[in-house]
Amino acid sequence: MRSPKTALSAALGLGLAAALTAAVPASATPSAPTSHRSTPASVAAYTGSAAQKADTKAFFDAVLKSAAKKLKANPHAQSVTVTYDASGAPTFASQISQAAQIWNSAVSNVKLQEGGGDFQYREGNDPRGSYASTDGHGSGYVFLDYQQNQEYNSTRVVAHETGHVLGLPDHYEGPCSELMSGGGPGTSCQNTQPDANERAQVNQLWANGLAGLLPTAS
């Protein structure tokens, strides 16, 4: 989730419609160690650039490629499982788990599961805030900025960034009820759930993925 004045959450410019929000109770913003500080820019809202959109599209393409291989091994699967490694973001272990539960409760055609390498979560300080990005080597990661996660509802931040992994772009002009509106509604927004449109977008994307991934799996 990038800040309103600087870029944060990279959007997945896939030509897929925007918006996300799932089902699991929101939790309190984590109190990252006070020694972790980021610049004020990351505390604003989230905005994205064309470069960031291209970067997250590459990330999503990598996730799809991994999913295709799994479907080839199990062609009768009713949903795709996307695995993640949360070991690189121990401060946000609870929020990451909640974000996965939120999405797993909200959609049916794709599931998130801890313990694998489709993507990683990382933490640290970054003036851009939190974002989803490709690592340039066939996979991607979600970066969680300490200061931004103190200013915004941390579960919302993590669920928003995870939404990019599932194929959704940012929609900062949207209301608080949209998860992918990110920091647009301001720090008072506590919603951590995707709305009906966001859930439908993800299900549609991954339903199409189930139909189209297997033939292209290598």
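**Figure 1. The whole chain, element by element.** Helices (H or I, at least four residues) and strands (E, at least two) are DSSP runs, numbered from the N terminus. By that count, the chain has five helices and five strands, and along the sequence they run α-β-α-β-β-β-β-α-α-α. This is a predicted model, where local features need pLDDT of at least 70 and side-chain atom pairs count only at pLDDT 80 or more, while totals for chains, interfaces and linings use all residues. Residues are numbered from 1 along each chain as its sequence is written, and side-chain values use heavy atoms, leaving out hydrogens and water.

**Figure 2. A look into the nonpolar core.** The largest such core (buried Ala, Val, Leu, Ile, Met, Phe, Trp, Tyr and Cys residues joined through side-chain atoms within 4.5 Å) holds 39 residues. Buried here means under 20% relative accessible area, exposed over 50%, and partly exposed in between (1.4 Å probe, protein chains only). Val82, Ile96, Trp103, Phe119, Tyr121, Leu144 and Trp206 have the most contacts inside the core. Among the elements giving it two or more residues are helix H1 (50-73), strand S1 (80-85) and helix H5 (196-216). Of the chain's 218 residues, 53% count as buried.

**Figure 3. Zooming in on the disulfide.** A search of the whole structure turns up one disulfide (a pair of cysteine sulfur atoms within 2.5 Å). Cys176 is joined to Cys189, S to S 2.0 Å. Both cysteines sit in the loop between H4 and H5, 13 residues apart. The S-S torsion is about 85°, so the disulfide is right-handed. Cys176 is partly exposed at 26% relative accessibility, whereas Cys189 is buried at 4%.
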